[in-house]
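Me: I should like to learn how to read a protein model step by step. Could we take one feature at a time, with the general idea before the particular case?

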Amino acid sequence: MKPRIAIVEDDPDQLASTQEYLSGEGYPTWGVSNARDFYVRFAAEPVDVVILDIGLPGDNGLTIAEVLSKNPRVATIIVSARVMLDDRLLGLKAGADRYLVKPVDFRELAANVDAAAHRRHQAGSPPPETVIPDSAPASTTNDEVPWRLSMQTWTLLTPQGGALPLTTKEFALMQQLIRANGSVVSKKELLQEVFGLRSAQGSERLSVLVTRLRKKAADVLGESLPIRTAHQLGYAFTAPASVQS
């Protein structure tokens with residue numbers, strides 16, 4: 001089984017392309033754009049390898065690497081445009097297993113993921129534990145109050161009362177996911193319903209849409225969307241939700 005990967009990258013195009021490649025190569029992968037969302041998502045979905053940019057909003061990649069260094073089963077790979085020796089040394093001293101300089105060939109990145117994960121696994125450490133800093137926000141999802149998608153206002157309403165306005169394609173995506181009641185909706189079906197495409201050849205467009213919607217939710221709502229990526233299959237909305245007419 002391939003290692004599970006989290007990507008923390010604030011450039012939406014870089015995040016989408018990295019996630020698309022690794023997912024296509026068979027790695028269970030999810031991505032976020034900032035430390036806050038990473039801490040929340042990691043608490044719910046632990047991974048084997050974390051790929052980090054350094055320049056992030058909030059806690060930077062070095063801080064995240066220091067936090068993860070307390071978890072013996074999680075490997076950390078920094079991928080940064082900072083090329084100076086001092087920067088590379090800081091990354092390694094913070095606890096990163098590898099430091100790669102952008103632009104990095106995705107094949108090289110995947111090879112480093114495999115090597116770092118294998119080394120951690122061979123160390124024979126205890127099962128992974130979730131290590132979250134004291135300042136990291138706890139997930140506040142209330143399972144008793146569902147997320148709601150308003151058909152009239154094209155708005156996604158959170159259990160906490162937040163409201164996320166949606167574009168045409170975002171609304172079409174959320175409508176398909178919520179109507180599936182937690183089941184995975186295939187990429188082919190989503191491409192047809194959202195983009196009018198009848199093949200999976202435009203899956204990168206779908207990945208970019210999901211990535212940008214997640215970032216938009218983090219910026220507007222201050223919390224992560226409960227959209228799960230099902231490797232090579234599609235996406236699922238994993239929290240209780242309903243569609244309001």
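**Reading the model**

Reply: Buried means under 20% relative accessible area, exposed over 50%, and partly exposed in between, with a 1.4 Å probe and protein chains only. This is a predicted model, in which local features need pLDDT of at least 70 and side-chain atom pairs count only at pLDDT 80 or more, while totals for chains, interfaces and linings use all residues. Residues are numbered from 1 along each chain as its sequence is written, and side-chain values use heavy atoms, with hydrogens and water left out.

Me: Which residues is D37 in contact with, leaving aside its neighbours within four places in sequence?

Reply: Contact means heavy atoms within 4.5 Å. By that rule D37 touches V32, A218, E223 and S224.

Me: In which helix does D37 lie, and how many residues of that helix are buried?

Reply: Helices (H or I, at least four residues) and strands (E, at least two) are DSSP runs, numbered from the N terminus. D37 belongs to helix α2, residues 35–44. Of the 10 residues of α2, 7 are buried, so this helix is largely enclosed by the rest of the structure. The buried ones are A35, D37, F38, Y39, V40, R41 and F42. They pack against several elements, including β1 (5–8), β2 (29–32) and α3 (61–68).

Me: How should I read the two faces of a strand, and which residues of β4 lie on each side?

Reply: In a regular strand the side chains alternate between the two faces of the sheet. In β4, A75, I77 and V79 are on one side and T76, I78 and S80 on the other, and all are buried. With 6 of the 6 residues of β4 (residues 75–80) buried, the strand is largely enclosed by the rest of the structure.

Me: In what sense do β3 and β4 pair?

Reply: Two strands pair if DSSP finds at least two bridges between them. Strand β3 (residues 49–52) and β4 are joined in the parallel sense over 4 bridges; V49, for instance, has A75 of β4 as its bridge partner.

Me: What is the order of the strands in the open sheet?

Reply: The 4 strands run in the order β8-β7-β6-β12, with mixed pairing. The edge strands, β8 (163–165) and β12 (241–244), each pair on one side only. Within this sheet, β6 (residues 147–150) and β7 (residues 155–157) pair in the antiparallel sense over 3 bridges, and S150 has T155 of β7 as its bridge partner.

Me: At what angle do the axes of helices α7 and α8 cross?

Reply: Axes are lines fitted to C-alpha atoms, for helices over the stretch in contact, and angles run from 0 to 180 degrees between N-to-C directions. The axes of α7 (residues 187–195) and α8 (residues 203–221) come within 10 Å and cross at roughly 80°. That makes α7 roughly perpendicular to α8; angles under 35 degrees count as roughly parallel, over 145 as roughly antiparallel, 65 to 115 as roughly perpendicular and the rest as oblique.

Me: Where is the pLDDT below 50?

Reply: pLDDT is the predictor's confidence in each residue, from 0 to 100. The chain has a mean pLDDT of 85, and 88% of its residues reach 70 or more. Over residues 124–143, however, the pLDDT is below 50. Where pLDDT is low, the predicted coordinates should not be read in detail.
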